[in-house]
Every structure is written in C-alpha cells, then in structure tokens.
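This report describes the pockets, salt bridges and backbone features of one protein model. Please consult the sequence and the structure displayed below while reading.

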Amino acid sequence: MANSGEREQWGTRIGLILAVAGNAVGLGNFLRFPVQAAQNGGGAFMIPYFIFFILLGIPLMWIEWGIGRHGGKYRHGSAPGMFDVLWKHKLAKYLGSFGLFISLTILIYYTYIESWTLGFSLFSILGFFSNETVQTMPNFLSSYQGVTESETFSSISTAYILMLFTFALNFYILYRGIAQGIEKLAKIAMPLLFIFAIILVIRVVTLGTPDPSLPDNSVENGFAFIWNPDFKQLGNPIIWLAAAGQIFFTLSVGMGTIHAYASYLKPKDDIALSALTTASTNEFAEVILGASIAIPVAVAFFGLDMTKEIAQGGAFNLGFVAMPAIFGSAHLPFGEIFGFLWFLLLFFAGITSSVAMGQPIVAFLEDEFGMNRRKAVLTLAAIVMIAVQFVVFFLKYGFLDEMDYWAGTFGLVVFALMETILFMWVFGADKAWKEMNDGGDIKIPRIFYYIMKYITPLILAGIMIWWFVQNALPTLLLRNAAPENVPYIWGARILMLVLFSGIIWLVKKAWNNRKEIF
C-alpha cells in the first residue's frame, strides 16, 4: 500500500543541485576518467567525449529529471512507479525494476571500494606510503584487500572494519532523510571535495619536472598528452565507444538515482537549468580537476609510456598503486598530506554517490509499501550487508568485476535506452518536452527536442549492440575467464539473479496490494 503521509522535499535549491552533482561526481571522475583518457589516446579521446556529452549526457540528464519530477507528482520515487505512470501497460513497472536492480547492485560493491579510499587517506597521513614504490604497491593493495599477505596486512580485518564504518555512515545518512541527511551531506562534502581538488591541481601544476635528470618526465608533457589530440586516432571506433561509455559513468545516468532525487521536487520547480547546472558542475570536476591531477602527475613521476602501461591495469592501478607511490616519493615534499587530501576527496566523491544509489530503493519501499524511513533503510541495509560479504571475501575471484560489468556497465546503457524510448516515444515527445520545460528558468533549445527523440536513442542502441557483440557475449560465455574463477563468477550471477528476482517479486506484490490514490 502506498504511503499516504507527506512526502519529503528538498530544503533548498542549492542543496538539491549539490546533492545531484554529488550523485554524479564520483570515483569515475577522478579514477576512471584519467584511465580512459590514457588508454584511448589522450587528446583524441576528448573530442568524442565532448560530442557525446552534448548528444547523450545533457539529453539524458533532462530526460531523467523530467521522468523523476513527473513521477513525483504521483508519489512515486523510483523507476517502477514512474514507468507505470508513463506507460499504462502491465510490463511498464517491470521495466522500471531494472533501475532498482542496477542501483542496488552497484551500491553493494561500490560501498566496499569507497571504504578503500577512506583507508588509504588514513594510511597516507600516517606515513604508510613513505617506503612504497609503484613496484611494491600492488602487494600493499592486495594484502589490504585480503587477497595476499604482507608484513603490513596479514588479514582482511583492517579493510573489513573500514568497510563496516563506511557502511554504517552511508545508512545513517540515508536514515536522516532527504533534507536532513542527503542534502546536509552534499552541502559539506561537495565544497570540501572541490577545495581539496583545487589544492591538488595547484600543487600538480607547480610541480614542473620532479627529477631534473629526466626532463621528459614533466607535468607539461602530461597536460600535452591530454589536450593535444592526434586526429588520426579518431578513426578508431573503440575510442568513440570508450568516450560514450564514460559519459554514463561520469553523470550517473541509467541507474535510477537522478529520478529518485527529482521526484522530491515541487511540480513547478525548475529542472531545465538545474539539470544543466548539475551536468556542468560534474564536467568541471572531471575535465578541469580530474584531468589535471592523476595523469599529469603520473607522467611527471613515471613518464608517458609507463603512465600508459599503468593505465592499462585499470582505475585501481592508477588510483591505488601509482598515486600512493607518488605521495610517498621523496620528490614530493609533504606528500603524505597531499595523499590524505587525494583519498579523502575520493571518499567524499564516493559517499555522495553511494547514498544516491540507496535512495531509489528506500523511496520504493516508502512509496509502494508504506514503510516509514527507518524500516525502509534497515531493510535495505540488511540486504546490502548480506550481499557485500560475497564481494569482500571473493574479490580475488572476479566477483566484483562480474557484478560491475552487468550492472555498472552494460546495464546502464540498456536502462537508459528503455527510459528514453518510454519518455520520448511512448509517453510522447511533445508531452515530455512540455514536462522538461515546465517551470524552467530557461527554455531548452529546440534542437534538443530532435536530439532526444532521434539521435540519443539511436546512439544508445548502437552502443548496446556493439557492446553486446564485442564484450557482453564473450563475458556471458566466459571466454576470457580463468578456470579457477568460473565457480565464483557463476556465484556472482546467481546473486544478481536472486536480487533481480526479489525486486520483481516486490514490484508485483506492491502493485497487487496498493490502493488507488490518484
């Protein structure tokens, strides 16, 4: 039964914008983005990145804000109810279930990764990295994760304790609610995040050439790699697909979180300017700040070729292997302080995103089952606490990677395509356009009507098909999986199937028992 009590609302507009920006500004801005740029040609990557920001990122922001505010008018704070309003068909609510599944699955493993950043901030200020190098840091990281043992960490207990603290903090903020929890967090965490990032950028820019005997290892060459495009590489479709994929990660679209936040708006609250402001804030964090820290400083310390090699190992190698080695280097005075700021910045970026992932499920339990906030948060906390144990203890067997691929990569595109078709075609482009512009402080340029109706869904469909053929099918068939990991990969798939089946069951139960309130 739907909750008949008064729904929460945002306290201030700036709080809303900071909260949605906090949802978007996550680990992907400062970890994944530099890696994607380094893996895909540096400056050559930036051209398709900006093209897809205009054709995918901004349109999807407006679409998700529009769906969210429209659903909120009917007291729905999650995708199943919102899709049911858009399309009066019995399948609509089940399509919306994908949104709950994606946000829940990502929340389970994201919270654990988030706790690593908190741990590494403490390790940095305590001087743990002073004797570490880029060659020794992989063992430091793996022993912290419980994958191996070392003199520093003989068990997973440190990581587990920090995970429990991070878990408790996330759910305490969710329990406090929209205005008193999520909004207050955003008002504190987001300004600190930007202050820390600006301090780090200033330090990186003034670093110059740390080792004069290696003149090519300079910050200037790092910036040149990012901002001087090799136009010949633009013929490589992999670069274009990587750029499009990064847009999903950086703006947190396709997972139902923006819908949930927008549902707590008043019917005439602006979304046209607010969505654009949120997207712009995220891009400032990613392109101006994120691009000015990890890659330039890595090139300055390791050189361009080695930086590319490190990036091939993924975001974890750059963020948790290369960066600690840099902060522990004798060539970086007060490196322990800058390392503390770097990892605390990542922690703030992570927690503002993870609480956003929990909100759609909490809203679903509140709106569709009439639960109070405390019961809804405790229910979600119990599910996440049970599921995260598998991620923690089976990390070395690819458990996290499997969940991240299906929910945090491929699933984002599938859900984004569904919501775009439902809003712009099933609900109707004219009604959707009116909804997005209603009460707006600005009018969305008319060209975006055609972009959202035709170009955005075509690009999404193209990405989904390409990814399915190139990545999803081989992943599904375990073509590249190590034999010893196969049982655990199937375990991850069974866990995701259980989560999705449970969500479907809850959605069906909610619609069978709910009363008509509008």
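## Second largest pocket

Helix 5, helix 18 (399–426) and helix 21 (486–513) each contribute at least two residues to the lining of the second largest pocket. The helices here (H or I, at least four residues) are DSSP runs numbered from the N terminus, as strands (E, at least two) would be. The volume of this pocket is about 370 Å³. Its lining consists of Phe 98, Phe 101, Ile 102, Trp 406, Phe 410, Gly 411, Val 414, Leu 476, Arg 493, Met 496, Leu 497 and Phe 500.

Pockets and cavities are found on a 1 Å grid over the protein atoms alone: a cavity is a set of points where a 1.4 Å probe fits but cannot get out, while a pocket is an open set with protein on both sides within 12 Å along at least five of seven lines, and lining residues have an atom within 4 Å of a point. Grid points are joined across faces, edges and corners, and a volume is the space filled by probe spheres set on the points.

## Basis of the model

The model is predicted, so local features need pLDDT of at least 70 and side-chain atom pairs count only at pLDDT 80 or more, whereas totals for chains, interfaces and linings use all residues. Residues are numbered from 1 along each chain as its sequence is written, and side-chain values use heavy atoms, with hydrogens and water left out.

## Cavity

The structure contains 1 cavity of 30 Å³ or more. The largest cavity has a volume of about 80 Å³, and its lining is formed by Leu 200, Arg 203, Val 204, Leu 207, Ile 293, Val 297, Met 323, Ile 326, Phe 327, Leu 332 and Phe 338. At least two of the lining residues come from each of helix 8 (178–205) and helix 15 (315–327).

Val 205 also belongs to helix 8. The C-alpha atom of Val 205 is separated by 8.6 Å from that of Val 297, 92 residues apart along the chain. Val 205 is partly exposed, at 45% relative accessibility; the classes are buried under 20% relative accessible area, exposed over 50% and partly exposed in between (1.4 Å probe, protein chains only). Leu 192 is another residue in helix 8 and is partly exposed at 30%.

## Salt bridges

A salt bridge is defined as a side-chain nitrogen of Lys or Arg within 4 Å of a carboxyl oxygen of Asp or Glu. The count by this rule is 10 salt bridges. In one of them, Arg 7 pairs with Asp 367, with the closest N and O atoms 3.2 Å apart. Arg 7 lies in the segment before helix 1 (13–24) and Asp 367 in helix 16 (residues 335–369), so this pair ties together parts that are 360 residues apart in sequence. Both partners are buried: Arg 7 has 13% relative accessibility and Asp 367 has 6%.

Glu 8 and Arg 373 form a salt bridge with an N to O distance of 3.4 Å. Because Glu 8 lies in the segment before helix 1 and Arg 373 in helix 17 (residues 373–393), the pair ties together parts that are 365 residues apart in sequence. Glu 8 is partly exposed at 29%, whereas Arg 373 is buried at 11%. Arg 373 also forms a salt bridge with Glu 366, again with closest N and O atoms 3.4 Å apart, and Glu 366 is buried at 10%. Through shared partners, Glu 8, Glu 366 and Arg 373 are joined into one network.

## Backbone features

Helix 20 (residues 447–476) bends by about 50° at Phe 468, the bend being the angle between axes fitted to the seven residues ending there and the seven starting there. Just after helix 20, Leu 478 adopts a positive phi of about 60°.

Two further residues with positive phi lie in loops. Arg 75, which is not a glycine, has a positive phi of about 65° and is found in the loop between helix 3 (43–73) and helix 4 (79–86). Ser 252, also not a glycine, has a positive phi of about 55° and lies in the loop between helix 10 (237–251) and helix 11 (257–262). Arg 75 is partly exposed at 24%, while Ser 252 is buried at 7%.
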